[in-house]
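Hi,

Here is the structure I promised to pass on. Have a look first, and my notes follow below.

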Amino acid sequence: MDPLSLTASLFFGMIGTGLFMFGKRAGRIVPIGSGIALMILPCVLPGVLSLTIVSSLVASAPFFIRE
């Protein structure tokens with residue numbers, strides 16, 4: 001694993017943890033789902049570019065999808 005991939009995985013994992021904690025405290029489903037997805041995506045996606053694109057879309061989902 002190169003340093004760029006490790007840094008991107010750590011960054012999006014931290015955002016996912018924050019979204020999950022926020023969604024759990026607020027009782028909202030969309031941030032919880034986005035947080036879980038952001039914590040799993042670094043394990044599934046192989047490249048840094050694909051990780052960055054997909055994770056950015058998933059991280060922005062709670063701002064566009066309202067309950």
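Let's start with Phe11: with 47% relative accessibility, Phe11 counts as partly exposed (buried is under 20% relative accessible area, exposed is over 50%, and partly exposed is in between, using a 1.4 Å probe and protein chains only). Phe12, at 8%, counts as buried. These two make an edge-to-face aromatic pair, 5.3 Å centre to centre with 70 degrees between the planes; a search of the whole structure finds 1 such aromatic pair. (Rings of Phe, Tyr and Trp, the last by its six-membered ring, pair if their centres lie within 6.5 Å; planes under 30 degrees apart are stacked, over 60 edge-to-face, and the rest tilted.)

Before going on, a caveat: this is a predicted model, where local features need pLDDT of at least 70, side-chain atom pairs count only at pLDDT 80 or more, and totals for chains, interfaces and linings use all residues. Residues are numbered from 1 along each chain as its sequence is written, and side-chain values use heavy atoms, leaving out hydrogens and water.

Next, Ser9. It sits in helix α1, residues 3-26 (helices are DSSP runs of H or I, at least four residues, numbered from the N terminus). Ser9 counts as buried because its relative accessibility is 13%. Beyond its neighbours within four places in sequence, Ser9 is in contact (heavy atoms within 4.5 Å) with Met1, Pro42 and Leu51.

Both Ser9 and Phe12 of α1 also take part in the contact with α3, where the residues on the α3 side include Leu51 and Ser55.

Cheers

Conventions
Helices (H or I, at least four residues) and strands (E, at least two) are DSSP runs, numbered from the N terminus.
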